[in-house]
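Q: Hi, I'm new to this one. Could you walk me through it?
A: Happy to, here it is.

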Amino acid sequence: MPHVKMTKNLDPTGRLVIPKEILYTCDIFHGHSIEFFADEKTGTLLLQRYYGQSCHFCLSTEELSDFKGSLICKNCNYMLKIVSMRKQVFQPKEIMAQLLLDLYESHPHATQQQYAGMLGISEARISQLIQQVFDQASAQLEERALPK
C-alpha cells in the first residue's frame with residue numbers, strides 16, 4: 001500500500017476530518033466501521049477498516065476462512081477462484097450481466113468495486129452491465145404493459 005501523509009487540524013470540538021484520498025487508499029467507504037488503536041508510549045494513533053467476524057466482500061458470517069489477513073466466506077472464495085481461472089477470457093455481455101445478477105443475489109451489500117473485483121472486470125464495465133440489466137428489465141415491463 002502506498003504511504004500517504006497529510007496534516008490536518010482538529011476543529012474546536014476535537015473532531016478530525018479524514019481526507020477522501022486517505023479513505024480511498026485504505027479501502028474505506030461510507031458506512032464502513034473503523035477501528036482505532038492508540039499507543040500511549042509513542043503517541044501513535046492507528047485507524048483501520050473493521051470487518052469483525054464477517055466476509056471482507058459480502059459481510060456474511062458463515063463458513064469463513066482466513067486469506068492474507070482477511071476473512072472470506074466460502075461463496076466469495078469460490079467466486080474469486082472462478083475469476084482467477086478465467087482472468088483473460090472475455091465473456092459476452094449477456095453472460096456477464098447474468099453473472100452480475102447472480103452475484104447481486106448472493107452478495108446484495110457488496111459495492112460496485114467489489115463486484116468488479118469478483119468478476120475480474122473494471123468498475124466502468126460493471127456500470128455498463130447494470131445499465132444493460134435495467135434496460136432489459138424496462139423493455140420487459142413495457143412488453144407486458146402493452147395490450148395485445
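Q: Let's start with Glu 63: is it buried or exposed?
A: With a relative accessibility of 55%, Glu 63 counts as exposed. Buried here means under 20% relative accessible area, exposed means over 50%, and partly exposed is in between, using a 1.4 Å probe and protein chains only. Before going on: this is a predicted model, so local features need pLDDT of at least 70 and side-chain atom pairs count only at pLDDT 80 or more, while totals for chains, interfaces and linings use all residues. Residues are numbered from 1 along each chain as its sequence is written, and side-chain values use heavy atoms, with hydrogens and water left out.

Q: Where does Glu 63 lie?
A: Glu 63 is in the loop between S2 and S3. Its phi is positive, about 50°, although Glu 63 is not a glycine.

Q: And what about Leu 59?
A: Leu 59 lies in the loop between S2 and S3. Leu 59 has a positive phi too, about 65°, and is not a glycine. At 45% relative accessibility, Leu 59 counts as partly exposed.

Q: How about His 56, buried or exposed?
A: His 56 counts as buried, at 14% relative accessibility. This residue is found in the loop between strand S2 (44-50) and S3.

Q: What is His 56 in contact with?
A: Setting aside neighbours within four places in sequence, His 56 is in contact with Asp 27, Arg 49, Tyr 51, Ser 70, Leu 71 and Gln 114. Contact means heavy atoms within 4.5 Å.

Q: Which strand holds Leu 64?
A: Leu 64 lies in strand S3, residues 64-67. Leu 64 is partly exposed, at 28% relative accessible area. Not counting residues up to four places away in sequence, Leu 64 touches Gln 53, Ser 54, Cys 55, Leu 71, Ile 72 and Cys 73.

Q: Zooming out, how many helices and strands are there?
A: The chain has 5 helices and 4 strands, in the order α-β-β-β-β-α-α-α-α along the sequence. These are DSSP runs numbered from the N terminus: helices are H or I with at least four residues, strands are E with at least two.

Q: How much of the chain is buried?
A: Buried residues make up 20% of the 148 residues.

Q: Which residues of H5 are buried?
A: They are Ile 126, Leu 129, Gln 132 and Val 133, and they pack against helix H3 (93-106) and H4.

Q: At what angle do H3 and H5 pack?
A: The angle is about 90°, with the axes 10 Å apart, so H3 and H5 are roughly perpendicular to each other. Axes are lines fitted to C-alpha atoms, for helices over the stretch in contact, and angles run from 0 to 180 degrees between N-to-C directions. Under 35 degrees counts as roughly parallel, over 145 as roughly antiparallel, 65 to 115 as roughly perpendicular, and the rest as oblique.

Q: Which residues meet there?
A: From H3 come Lys 93, Glu 94, Met 96, Ala 97, Leu 100 and Leu 101, and from H5 come Arg 125, Ile 126, Leu 129, Ile 130, Gln 132 and Val 133.

Q: And where do H4 and H5 come together?
A: The axes of H4 (residues 112-119) and H5 (residues 123-145) come within 8 Å and cross at roughly 100°. That makes H4 roughly perpendicular to H5. The residues making this contact include Tyr 115 and Leu 119 of H4, and Ile 126 and Ile 130 of H5.
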